[in-house]
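Q: I would like to learn how to read a model of a protein with two chains, going from the fold to the interface and then to single residues. Could we go through it feature by feature?

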Amino acid sequence: MVSNSRPTREDYYRALSDNLPEETLVVTSLGNASYLWATVRDAPENFYLEDAMGLALPLALGLAVAQPNREVVVVEGDGGLLMHMGGLVTVGAVAPNNLTILLIQNGVHAASGGQALTNAELDIADIARAMGLKHAENITSVKEFQSGLVPALKGDGPTLLALATEPDLDAVIPPAMLDPVVTKRRFMEAVGAPRYVSIFFGGGMLSE
Amino acid sequence: MADPWTVEAHRLFKKHGIKTVGYVPDAGLTDLINACDADNDIKAVVMTTEEEGIGLSSGAWLGGEKAAILMQSSGVGNTVNAIASIVSSCQFPLFMIVTMRGQYGESNPWQIPMGQATAPVLRSVGVRVYEVDTEEDAVGAIENGLKMAFVSNAAVAVLIGQKLIGAKSFIADVAEEVTHV
């Protein structure tokens with residue numbers, strides 16, 4: 001077994017970008033998951049969740065339910081999954097067919113210096129199937145990733161692809177500050193989310 | 001006689017366009033959860049833990065929909081970083097209904113510390129807290145909380161007090177009944 005045989009996060013991201021329909025909504029978790037995606041393919045349809053480790057799945061679930069006619073891709077790490085494994089159970093129970101989970105399985109807490117995970121050897125596809133995901137696959141090459149991704153984006157999910165990945169311990173410098181409020185507003189404009197505006201009549205007094 | 005707050009809460013969810021309701025069950029929430037579960041226009045999601053609700057609600061809003069989150073006061077402790085991190089950083093709206101434990105007539109000592117901490121903990125991460133002890137106040141706080149959350153991008157929690165929902169009796173209220181446990 002060759003130790004560096006796994007693709008890098010960037011290898012997967014380039015393939016993702018090449019195969020991603022423009023209107024796809026993408027949620028990325030903290031650290032390089034977001035920094036690198038913003039570098040490879042910044043777009044209004046991206047939401048960079050730069051903290052709250054482990055909560056990218058619940059956030060993407062809420063989004064997938066609210067936007068049933070658009071594909072939602074969420075990139076989470078194996079450390080984040082372990083932190084809130086229950087989030088995957090909820091995804092399996094709600095089972096939105098427009099949600100694809102890309103699980104970067106690098107076996108370490110990359111964003112904090114590469115410390116080993118509690119368990120780096122889990123069969124995540126097996127776990128995902130047991131939790132009710134319709135499709136789940138362990139991926140070890142970019143070619144396998146492309147083969148798994150294309151059908152995943154056709155509304156027959158939820159799908160989880162566990163991507164065996166070389167750890168990337170150096171922080172990628174994103175092209176711009178990923179301001180949380182700006183990111184949110186830009187995203188909501190891109191999906192055409194309604195705005196709720198308070199309108200005051202009568203000198204600004206509320207009637208009730 | 002007016003409807004119970006749980007009936008009014010469901011009615012207000014409909015009026016204000018709540019489409020997703022995430023919850024971790026609590027006895028005091030049963031009627032409201034059942035009403036949401038039975039409503040085809042509301043996606044009721046039972047979560048494994050309360051912090052999922054903060055992600056769920058924020059994701060729904062990103063997608064253009066309103067969500068409400070229901071939990072017991074002990075679950076508020078699980079939501080702290082999620083609220084501070086996601087809701088405060090991004091200025092997401094948040095609307096929570098929290099049924100209280102450990103507050104008034106509590107008979108489970110394990111519930112008391114978190115019950116006492118619920119309101120100050122929520123306030124410390126920027127949530128506007130309405131503590132209510134009557135049907136009328138509960139309905140008013142839910143209506144106005146929904147307005148504030150989704151028009152002003154505010155984080156709002158309505159805490160339903162044990163004076164209203166009652167104190168759950170795990171062990172007997174009087175010593176003689178302990179033998180039944």
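A: Let us begin with a definition: a residue is called buried when its relative accessible area is under 20%, exposed when that area is over 50%, and partly exposed in between. Please keep in mind throughout that this is a predicted model. With that cut-off, buried residues make up 54% of the 181 residues in chain B.

Q: Which pattern does chain B follow along the sequence, and how many helices and strands are there in chain B?
A: Chain B has 8 helices and 6 strands, and their order along the sequence reads α-β-α-β-α-β-α-α-β-α-β-α-β-α. The radius of gyration of chain B is 16 Å, close to the 16 Å that the globule rule gives for 181 residues, so chain B is as compact as a globular protein of that length. Along the principal axes, the C-alpha atoms of chain B fill a box of roughly 55 × 35 × 30 Å. Of the contacts in chain B with a separation of 6 or more, 74% join residues 24 or more positions apart.

Q: How should I read the interface, and what area do chain A and chain B bury between them?
A: The size of an interface is often given as the accessible area lost when the parts come together. Here chain A and chain B bury about 2500 Å² between them, with 67% of it on carbon and sulfur atoms. Across this interface the rule finds 0 salt bridges, while 6 residue pairs are in polar contact, both residues being at pLDDT 80 or more. On the side of chain A that touches chain B, the helices α3 (56-66), α5 and α8 (180-190) of chain A each supply at least two residues, and the largest share, 7 residues, comes from α3(A). The residues of that side divide into 20 nonpolar, 7 polar and 4 charged. The contact takes 31 residues from chain A and 31 residues from chain B.

Q: Which residues of α5(A) are buried?
A: The buried residues are A:Gly86, A:Gly87, A:Leu88, A:Thr90, A:Val91, A:Gly92 and A:Val94. Because 7 of the 9 residues of helix α5 (residues 86-94) of chain A are buried, this helix is largely enclosed by the rest of the structure.

Q: What is A:Leu36 in contact with, leaving aside its neighbours within four places in sequence?
A: A:Leu36 lies in helix α2 (residues 32-41) of chain A and is buried, with a relative accessible area of 6%. Leaving aside those neighbours, A:Leu36 is in contact with A:Arg9, A:Glu10, A:Tyr13 and A:Val172. The C-alpha atoms of A:Leu36 and A:Tyr13 are separated by 8.1 Å, although these residues are 23 residues apart along the chain.

Q: What should I look for in the backbone angles, and where is A:Ala52 found?
A: Most residues other than glycine have a negative phi, and most peptide bonds are trans. A:Ala52, found in the loop between β2 (46-48) and α3 of chain A, has a positive phi near 50° and is buried, with a relative accessible area of 2%. A:Ala95, which follows α5(A), also has a positive phi, near 55°. In chain B, B:Gln91 has a positive phi of about 55° although it is not a glycine; B:Gln91 sits in the loop between α5 (80-90) and β4 (94-99) of chain B and is partly exposed, with a relative accessible area of 40%.

Q: Is the peptide bond from A:Gly157 to A:Pro158 cis or trans?
A: That bond is cis, with omega near 5°, and A:Pro158 lies in the loop between α7 (142-152) and β8 (159-164) of chain A.

Technical notes. Residues numbered from 1 in each chain as written. Chains lettered and ligands numbered in written order. Predicted model: local features only at pLDDT ≥ 70, side-chain atom pairs only at ≥ 80, totals over all residues. Heavy atoms only, no water. Buried < 20%, exposed > 50% of the residue type's maximum accessible area, 1.4 Å probe, protein only. Helix = DSSP H or I, 4+ residues; strand = E, 2+ residues; numbered from the N terminus. Contact = heavy atoms within 4.5 Å. Buried area = accessible area lost by both parts, 1.4 Å probe. Salt bridge = Lys/Arg side-chain N within 4 Å of Asp/Glu carboxyl O. Polar contact = N/O pair within 3.5 Å; in protein donor to acceptor, adjacent residues only side chain to side chain. Nonpolar A, V, L, I, M, F, W, Y, C, P; charged D, E, K, R; others polar. Rg over C-alpha atoms; globule rule 2.2 N^0.38 Å.
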